[in-house]
Amino acid sequence: MEGGVFCYTSVVRYLHHATEVVHMTTLLITHAYIVTMDDRQREIPDGGLFIRDGVIEQVSATPDLPSTAEEVLDLTGHLVLPGLVNTHHHFYQTLTRAVPAAQDANLFTWLTTLYPLWARLTPADLFTATQTALAELALSGCTTAADHLYLFPNGARLDDEIAAAHEVGLRLQAARGSMSLGASQGGLPPDALVDSAEVILRDSQRVIEHYHDPSPGAMVQIVLAPCSPFSVTPDVMKQSAQLARHYGVHLHTHLAETEDEVQFCLQKFGQRPVGYMQDVEWVGEDVWFAHAVWVQDDEIQVLAKHHCGVAHCPTSNMRLASGIAPVQAYRAAGVNVGLGVDGSASNDGSHLLAEVRTALLVARVKEGLTGYSLSNASHRTLMTAREALALGTRGGAAVLGRKDIGSLERGKCADFCAINLQRLGFTGMHDPVATIVFGQPVHVDYTVVAGKFIVKEGHLVTLDTRQLAEKHTQAAKRLWQAS
Ligand SMILES: [Zn+2]
């Protein structure tokens, strides 16, 4: 046992073993409404999937599929879509949802209120919080999640999170975060929560070497993710980029989330956030930014030119009164955009399908605020339900740099979710795809990763959610009562 929770070498061995088990099966899905999200945006009203060894072998009309498999599931009345991809989260924050003193605060006040609580986090807390967030995500149709862990109090390690995710069964882009700019140096976090560059870089290298799997179908990939301009020194930004590029792993950070951050960057670095990123060599197709709300038109062009990605987190941006990211402008410029529920202390829930709906609605609010009207409707378009779903699927995959997920196509990972459309809240709907975006957010009926059921008939099958909730409640109470 290491870190009080698990031994990482045994997990790696177990991961390989689990992959071998998945490779023994074939799965046939029939009679569903298939939304492929492929380049042709094919939808197949009576379609299905044939899956072998955790990979999609065929996507077609039901009569054209093989007639049998080791497991056959008739999904008449269900919509099947690629597994949703979450591009930004902080799993540990499930333990500090709706903390009264942080309910009605903007980003900087919210952070300084919560840092002392987060400083009490233990490895076991991190394990429990990770499973809670991933269980919620799985029930909302998510099959791949990126998580940004940037504080490591009391011996907590990224390893705890990776072990927890393995038990739930979702793919994990584990972003090894860091903070090195404490309050005494003009940063936002307390000095007790920041680490030296040496500690950060040594552990970053360790987790890459132990866990990063660059191959198609990887269950775990490592990302390097210094937290934000106001909590990390320029040196750690630069050195993290060099280390990531040496190993071929991706880079992630918060950027331009609030106007306060823009002012911080101007005062501290003499640059707006995007210019600062260029100075520390944080632009490229291997970089994606969370939020990117406060950007000017020329900065959107910089992100497009360098093929950077954006994790759009609309609920969090509303919750913290941060603003509305210019998603339609990003899309028009060719910037890859995915969706993120963000940490559970600034969204208070990890429902990725709900985030798809919110992304559509907020994009329309922005259009309304910038002059959309009947008189110019002919040359401006509103975000559609299918475009919003694309952000949550293939958009997220592009942001993470994963070509093996995000659409239902031959050769891609067998990652999908299915939703029964026969529900009271969906009656009277006239478009099966729009139903799940315009309609009330629901839990999915099936979530499948690499051909393996994570959610079946509406229930998580890999963990007991009642026991998990009890354990999580106790951990959250202990953190709170110690304050
Ligand atoms: Zn965040």
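A: Accessible areas come from the Shrake-Rupley method with a 1.4 Å probe, and for residues only the protein chains shown count as cover. This is a predicted model, in which local features need pLDDT of at least 70, side-chain atom pairs count only at pLDDT 80 or more, and totals for chains, interfaces and linings use all residues. Residues are numbered from 1 along each chain as its sequence is written, and side-chain values use heavy atoms, with hydrogens and water left out.

Q: What does the accessible surface of the chain come to?

A: About 18,400 Å², and 52% of that belongs to carbon and sulfur atoms.

Q: How much of the chain do buried residues make up?

A: Buried means under 20% relative accessible area, exposed over 50%, and partly exposed in between (1.4 Å probe, protein chains only). Of the 483 residues in the chain, 59% are buried.

Q: Why does T358 count as buried?

A: T358 counts as buried because its relative accessibility is 16%. Contact means heavy atoms within 4.5 Å. Leaving aside residues up to four places away in sequence, T358 touches P314, T315 and M318.

Q: Which residues have the most contacts inside the largest nonpolar core?

A: In soluble globular proteins, nonpolar side chains tend to be buried together. A nonpolar core is a set of buried Ala, Val, Leu, Ile, Met, Phe, Trp, Tyr and Cys residues joined through side-chain atoms within 4.5 Å. Here the largest nonpolar core has 128 residues, and W110, W118 and I436 have the most contacts inside it. A second, separate core of 19 residues includes L49, I56, V59 and Y446.
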